Amino acid sequence: MPSARAPGSGHNGGVSHTSLAPLPSSDRPDVTARLRDALLAVSFSADGLLELLGAPAYAALARSETVPALRATRGDSPLAAVVRLFLLQRPVPRRRVADVLPVAECLEAGWLTTDGEDGIAAAVDVRPYGGPDGEDWFIVSDLGCAVGGAGGAAGHEEGVVLGVGGASTTLAGITVREPVASALDLGTGSGIQALHAAQHATRVTATDLNPRALHIAALTLALSGAPAADLREGSLFEPVGEDTYDLIVSNPPFVISPGARLTYRDGGMGGDDLCRTLVQEAGARLNEGGYAQFLANWQHVEGEEWQDRLRSWVPRGCDAWIVQREVQDVTQYAELWLRDAGDHRSDPEEYRERYDAWLDEFEARKVKAVGFGWISLHRTGAAEPSIVVEEWPHSVEQPLGDTVRDHFRRVDYLRSHDDAALLAGHFRLAGEIVQEQVGLPGAEDPEHVVLRQHRGMRRATKVDTVGAGFTGVCDGTLSAGRILDAIAQLVGEDPVLLRDRTPAQIRLLVEQGFLEPVS
């Protein structure tokens, strides 16, 4: 999985800054539509890029290395010129693109600027982005911020709007995708989450503290051929008042830092208070049955269990599934974000002072480490909410939206079924589950039997002989109780005792997604 903390990962922006380049007009849909058609006509798409650049140069862009891509675009093809112009931010002679781009209109609308006597340059980064169903989308961002900083931007100014990165794609992948009436992208940044939501939500609202981000989000949606969103300026839930939604997503400025020097990444609240506030206030903005999904950082504080800290964030009326993907000690964490801001290239004494300030902040709060992960809420109004907090640093298979949805469906099922109902229920083995037997060579019986998922969370769990036999015949035909009775007869065990001790194992297998209830 790409690092979800990668620099250039698309946090929402801060306050607009006068030194940033002017943006294209968002009031010229005719020009934007013509530009989109022209870009697609020369195969300026995710597939077209890969074919032109080749896999190594394409991958190098994500590492902020542009030299391989520049070498691959030395030819005279229209696509090579467009890639240099919009993705690599290199001026090109006007004649190179005069026959493929609406140059005059793009200059007038601000997508392009003049460079010298006969050159033109891009005013913004434009990166092709493939949608989940093969859509050809484009993510707009500030110059130098499209692909992990590719384009040569040295550090980030306050107010800059970053493009798509590891965090953006992670959140998009874990979001539950089902038709909804309303969706909210809180802290939209370049608009990628709003773009995804527009495919399955009748109404999309996108907010940001940074008016520049709202402008760029509008450009992203328009250039991608998506419906416009309701764009609102402000912090957290303030811009939406008492409105409620079926889906809320946010890749917030979650970095825990001393102060709020860069508001595209720094929350501006003490410690992890911004993430806590966001999660706690989301419950009141969710419609019944709705989902809220966030990326977040949280503190590991001396004398406190991090799991308890996160449980305290969950709002009333919501089930929660919280997954910690990574943990960094405070020195690693400070170094990551100092480098993200380019501080390691500044005056050495200034760098040391800023590093010291981070450690002072953590020491004052008794923070020993910082965790990163996903927080998913499901509003059910259940009297006994389910709050699952787990550490899962292992590889997963994105997209995980269906996995998140199915987790909460299984929670609902298990909550409403006691052991007797569980034994009366019918189950089937989930797809792509394999059984592994571990033991000494030549041994008559294995020491361990392990069930392993090859999709989704890719979990593995040990089961006993009964559990292995039970899952092996679960095809939805027989009830769990009847299967256990048959196993009891085969192994010579008391069926009553077997029925008494097995529901806990069945419950675990359902909870972790190895078994699926059959209606």
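**Exercise 1. Aromatic pairs**

A search of the whole structure finds nine aromatic pairs; determine how the pair of F44 and F138 is classified and where its two rings lie.

*Solution.* The model is a predicted one, in which local features need pLDDT of at least 70 and side-chain atom pairs count only at pLDDT 80 or more, while totals for chains, interfaces and linings use all residues. Residues are numbered from 1 along each chain as its sequence is written, and side-chain values use heavy atoms, with hydrogens and water left out.

Step 1. Two rings of Phe, Tyr or Trp (its six-membered ring) pair if their centres lie within 6.5 Å; planes under 30 degrees apart count as stacked, over 60 as edge-to-face, and the rest as tilted.

Step 2. For F44 and F138 the centre-to-centre figure is 6.0 Å and the planes make an angle of 15°, which gives a stacked pair.

Step 3. The pair links distant parts of the chain, 94 residues apart: F44 is in the loop between α1 (29–41) and α2 (46–53), whereas F138 is in strand β5 (residues 136–141). Helices (H or I, at least four residues) and strands (E, at least two) are DSSP runs numbered from the N terminus.

Step 4. Burial follows from relative accessible area: buried means under 20%, exposed over 50%, and partly exposed in between (1.4 Å probe, protein chains only). F44 has 0% and is therefore buried; F138, also with 0%, counts as buried.

**Exercise 2. Helix α14**

Classify the pair of W358 and F362, and state which cluster contains these residues.

*Solution.* Step 1. The ring centres of W358 and F362 are 6.5 Å apart and the planes stand at 50°, so the pair is tilted.

Step 2. Both residues are in helix α14, and because they are four residues apart they are separated by about one helical turn. W358 and F362 are both buried.

Step 3. Ring pairs join W358 and F362 with Y333 in a cluster.

Step 4. Helix α14 (residues 348–364) also contains E363, which counts as exposed because its relative accessibility is 62%.

**Exercise 3. Salt bridges**

Of the 29 salt bridges found in the whole structure, examine those between R405 and D406, E361 and R365, and D30 and R28.

*Solution.* Step 1. The criterion is a side-chain nitrogen of Lys or Arg within 4 Å of a carboxyl oxygen of Asp or Glu.

Step 2. R405 and D406 meet at 3.2 Å, N to O. R405 is buried because its relative accessibility is 16%, whereas D406, at 26%, counts as partly exposed.

Step 3. E361 and R365 meet at 3.1 Å, N to O. Both are partly exposed: E361 has a relative accessible area of 24% and R365 one of 34%.

Step 4. In the bridge between D30 and R28, the closest N and O atoms are 3.3 Å apart. D30 is partly exposed at 45%, and R28 is partly exposed at 24%. Salt bridges with shared partners join R28, D30 and E108 into one network.

**Exercise 4. Backbone geometry**

Where does the cis peptide bond between Q398 and P399 place P399, and which loops hold Q89 and L236?

*Solution.* Step 1. The bond joining Q398 and P399 is cis, with omega about 0°; P399 lies in the loop between β13 (387–391) and α15 (401–415).

Step 2. Q89 is not a glycine, yet its phi is positive, about 55°. Q89 is in the loop between α5 (78–87) and β1 (92–93) and counts as buried at 15% relative accessibility.

Step 3. L236, likewise not a glycine, has a positive phi of about 50°. L236 lies in the loop between β8 (230–233) and β9 (245–250), and its 15% relative accessibility makes it buried.
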